[in-house]
Amino acid sequence: MENGKELLPRIPPGEPPLRLALYYLAHFVWTTAVNQVVDELSKRKKLSGEFARKPMHIVSGIAPTVYILVLGLSRRFVILAQLMQVLIVTVLGTQSEAMTKRFSQGRTNDTLGMHAFGVTLLSAFLFVADDDPHSLNTAVALSATACLAIGDAAAALVGSSVGRTHFRSLWGSGKRSAEGSAAMFASSFLMIWLIFGACGIGIGLVHIARVAAVAALVEAHSPSSMDNVTIPWSVVTALLLTFS
């Protein structure tokens, strides 16, 4: 129990086991397929750099929002699906050098970021979200994972392709771009606005802008491989402080 909340709540009576089994199978199939397709394209040099790293980040990070708010699945399903995702990435990563290079930014001996992404998403639904799909805690967890998945990917893709105005990260390695940070801010703002709207929770645009700015600043100045941890938890902190 965590503050009176079961970490793995029982399956509600309205969720038939067969239906859940089919969703778990579908989750396994599509996540494995995306990994394998991107891996193969990377081997053939059709995808490289951030364009090879981020597709899996995007689909894995946005999946909880689809599962909970669109398909009406439970927090339990998301927790177990994310655990499955961590295991898939870990197993496939040990078998594929190309995949390890993609997720570890080319450093075959550094898979911290690869594992931190899945573990952080998993922990957000273990310790932040609750069983009410439209509660504040669930909206916060979904927003945090969406900012990591969509915001960080937007920053990386925009920064690597059209970034021209560079600045040096305070703790991260290499240069960052103002264009990438702007993409992080805009996409984080959009995801928070959409998720809180879908959950039926009112939040002012100024407050959303403040949280999105925090996410953009943290992304720009986080140590390499650690932004998969710092981005979502900074968003969680900023949102919870907003409603405190």
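A polar contact is a pair of N or O atoms within 3.5 Å, where, within protein, one atom must be able to donate a hydrogen and the other to accept it. Keep that cut-off at hand for the exercises below. The model is predicted.

**Exercise 1. Find what the side chain of Thr120 reaches, and describe the surroundings of Thr120.**

Step 1. Thr120 lies in helix H5, which covers residues 112-127.

Step 2. Check its cover. Thr120 has 6% relative accessibility, so it counts as buried.

Step 3. The Thr120 side chain reaches the backbone oxygen of Asn228 at 3.3 Å. The cut-off for a polar contact is 3.5 Å.

Step 4. List the neighbours. Leave aside residues within four places in sequence. Thr120 then contacts Asn228, Val229, Pro232 and Trp233.

**Exercise 2. Follow the contact from Thr120 to Pro232 and describe Pro232.**

Step 1. Decide: buried or exposed? Pro232 has 4% relative accessibility, so it is buried.

Step 2. Compare sequence with space for one pair. Pro232 and Ala215 are 17 residues apart in sequence. Their C-alpha atoms are 7.9 Å apart.

**Exercise 3. Classify the ring pair of Tyr23 and Phe77, and say which parts of the chain it ties together.**

Step 1. Know what to look for. A ring pair is described by the distance of the centres and the angle of the planes.

Step 2. Count the pairs. The whole structure holds five aromatic pairs.

Step 3. Read off this one. Tyr23 and Phe77 are 6.1 Å apart, centre to centre, with 80 degrees between the planes. An angle over 60 degrees counts as edge-to-face. The pair is therefore edge-to-face.

Step 4. Tyr23 is in helix H1 (residues 17-43) and Phe77 is in helix H3 (residues 75-95), so the pair ties together parts 54 residues apart in sequence.

Step 5. Check each ring's cover. Tyr23, at 24% relative accessibility, is partly exposed. Phe77, at 1%, is buried.

Step 6. Widen the view. Ring pairs join Tyr23, Tyr24, Tyr67 and Phe77 into a cluster.

**Exercise 4. Find the salt bridges and locate their partners.**

Step 1. Recall the idea. Side chains of opposite charge can pair when their charged atoms come close.

Step 2. Count. There are two salt bridges.

Step 3. Take one bridge. Asp131 and Arg75 meet at 3.0 Å, N to O. Asp131 is in the loop between H5 and helix H6, while Arg75 is in helix H3, 56 residues apart. Asp131 is partly exposed at 46% relative accessibility. Arg75 is buried at 4%.

Step 4. Take the other bridge. Glu219 and Arg176 meet at 3.8 Å, N to O. Glu219 is in helix H8 (residues 205-221) and Arg176 is in strand S2 (residues 175-177), 43 residues apart. Glu219 is buried at 8% relative accessibility. Arg176 is also buried, at 16%.

**Exercise 5. Describe the chain as a whole: how many helices and strands are there?**

Step 1. Count the elements. The chain has nine helices and two strands.

Step 2. Write their order. From the N terminus it runs α-α-α-α-α-α-β-β-α-α-α.

Step 3. Look at burial. Of the 244 residues, 48% are buried.

Step 4. Look at contacts. Residues 24 or more positions apart account for 75% of them.

Step 5. The chain exposes about 11,300 Å², and carbon and sulfur atoms supply 66% of it.

How values were computed. Residues are numbered from 1 along each chain as its sequence is written. This is a predicted model: local features need pLDDT of at least 70, side-chain atom pairs count only at pLDDT 80 or more; totals for chains, interfaces and linings use all residues. Side-chain values use heavy atoms; hydrogens and water are left out. Rings of Phe, Tyr and Trp (its six-membered ring) pair if their centres lie within 6.5 Å; planes under 30 degrees apart count as stacked, over 60 as edge-to-face and the rest as tilted. Helices (H or I, at least four residues) and strands (E, at least two) are DSSP runs, numbered from the N terminus. Buried means under 20% relative accessible area, exposed over 50%, partly exposed in between (1.4 Å probe, protein chains only). Contact means heavy atoms within 4.5 Å. Accessible areas come from the Shrake-Rupley method with a 1.4 Å probe; for residues, only the protein chains shown count as cover. A salt bridge is a side-chain nitrogen of Lys or Arg within 4 Å of a carboxyl oxygen of Asp or Glu.
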